Every structure is written in structure tokens, then in C-alpha cells.
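Biologist: Could you take me through the charged side-chain contacts here, step by step?

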Amino acid sequence: MTSVLKQRRGPINAALARLFEHEPMNTNQPSAVFGRRGRDSRAPATAVHHATRPARPIGHIVFLLGLTGLLLMVAGAIFWTLPAIGKANAEVARSKQKVVEIVNQPVTHLHRSGSFTVFSPGWFHPGATEPDFNNVDIRTTQELTYEGHVTSDLNPTEMFNGSELEFNAMTKYFYTDRTLPKKRLSDTEMVEINGLYRVIGHDEQAALMRWLVVIGLAVVGFCLASALFLQIGRTRQLPAA
């Protein structure tokens, strides 16, 4: 019986040998698959980095726009004020010219003869006080000191009627020709000059105040422009978003 088993085992072994020869057992396949999965699971995930640049803050841009707006407002205020100064100065010039015309009216010239009083040197002392245009009343400073016929060493061939003449320290500022005496002004003319003086005083003060405003606005504008240029320079240094 033993010999029979040995005889049967021989063909079986040969068949198994042929089977394994043509279809070898792939014992490494599962481990290879598991190994790939293990390596895939252990591989570190690559982090995706997106290069970002700091964006310019909106507040910075708003600040620049605000500075620009303020600077434009200051410039507009300056250009709006300058014509008003020119208008006030023109009114002052017209009023002063009118005073000059009234104060320096012609007087009657007479040929020297008979008795007369000679004033020397000249008719008036040098210099003149600028009137207080806002308050002075030239009616209170009019001097009627000339009597009879009068003349001066500046008028060697002429004389004048003293009753037609006056001296007024508050109109002397507008005397143009000091080689001649000045005509005596009526009350109406003096009231007119007082009114012109008020115009002069008011407009000169207004022009001065406007000039101060312009200077102040110019200083503010310079500061705003400097700040604006500084901020623009900083903005250029920031990378764009």
C-alpha cells in the first residue's frame, strides 16, 4: 500500500510542479499595493503658497483725496479774495483822487501891488500827517489865518486874496502843488471830503484784512501741498495690489 501511495504521489507532485511553473504565486502583489498606498499616505502634502502683495489701504487713498480737496478749496478762496482786494484798492484810489481834486482847486492869481504879507519859506512846512480816515472831521481843523493880500517867496510876482484861502492839517496830505496856497473849502465840500475819507478808511481796512486772509490761506495751502506731496511719495513706494 505504501508503494501504491508513492506511485500516486509522483504524478501529483509533477502536476503541482507544472502548475506552479506556469502560474507562480504572486505573494508580493498585495504588499506592493499596500506599500504604494502607504507611501502615498505618508507623502507630505505640498503647501500651495500664493504670492500676495500688500494692498494700498483705502484710508490712505481717502486721505490723499481729502488733502487734494482742501488744497483746491484754499486755492479757490485765494482766487476769490484777490478780486475783492483789487476792487477795494480801486475804490480807495478813486476816492483819493476826488479828494485831491477838491483840495487843490485853483485860486485867484493877482499881480503884486500895494501892501501884502509874505510867507517864508514857502506856504507850508515840509511833511504831512495822514488823516485818520475813519474818524476825522476836517471842518474842525480848518484854519482861516490869511488876511488881506498874501504871497510867499515862491511867488515873486503874484499875490492872492487871503479871504479865499485856508490851511487844513487834515487835507495837507493831499496837497499836490505846495508852491501855491489852497482854496478855502465850503461846508458842503468838507462834508463831501469827510464822506470820501470814510470810504478810504473802510476800503483800506477791508483790503488789509483780505490780504491777511490771503496770507493765511497761502500758508495753509503750502502746508497742505507739502503734506500732499509727502503722501504721494509714500504712496509710490507702496507696491500695487
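Biologist: Is Glu204 buried, exposed or partly exposed?

Modeller: This is a predicted model, and in it Glu204 has a relative accessible area of 28%. Buried would require a value under 20% and exposed a value over 50%. Because 28% falls in between, Glu204 counts as partly exposed.

Biologist: Which residue forms a salt bridge with Glu204?

Modeller: The closest N and O atoms of this pair are 3.1 Å apart, and a salt bridge calls for a distance within 4 Å. The pair links distant parts of the chain, with Glu204 in helix H4 (residues 187-237) and its partner in helix H3, 108 residues apart. The partner, with a relative accessible area of 23%, is partly exposed, and its name is Lys96.

Biologist: Which residue meets the side chain of Glu91 in a salt bridge?

Modeller: Glu91 is partly exposed, at a relative accessible area of 29%, and its salt bridge has an N to O distance of 2.5 Å. Both partners lie in helix H3 (residues 58-103), where they are three residues apart, about one turn of the helix. The residue that meets Glu91 is Arg94.

Biologist: What is the N to O distance between Arg139 and Asp137?

Modeller: Arg139 has a relative accessibility of 44% and therefore counts as partly exposed, since that value lies between the cut-offs of 20% and 50%. The side chains of Arg139 and Asp137 meet in a salt bridge, and the N to O distance is 3.0 Å.

Biologist: How many salt bridges does the structure hold?

Modeller: Among them are the pair Glu91 and Arg94 and the pair Glu204 and Lys96. Arg139 and Asp137 form another, and the number of salt bridges in the structure is three.

Key. Residues numbered from 1 in each chain as written. Predicted model: local features only at pLDDT ≥ 70, side-chain atom pairs only at ≥ 80, totals over all residues. Heavy atoms only, no water. Helix = DSSP H or I, 4+ residues; strand = E, 2+ residues; numbered from the N terminus. Buried < 20%, exposed > 50% of the residue type's maximum accessible area, 1.4 Å probe, protein only.
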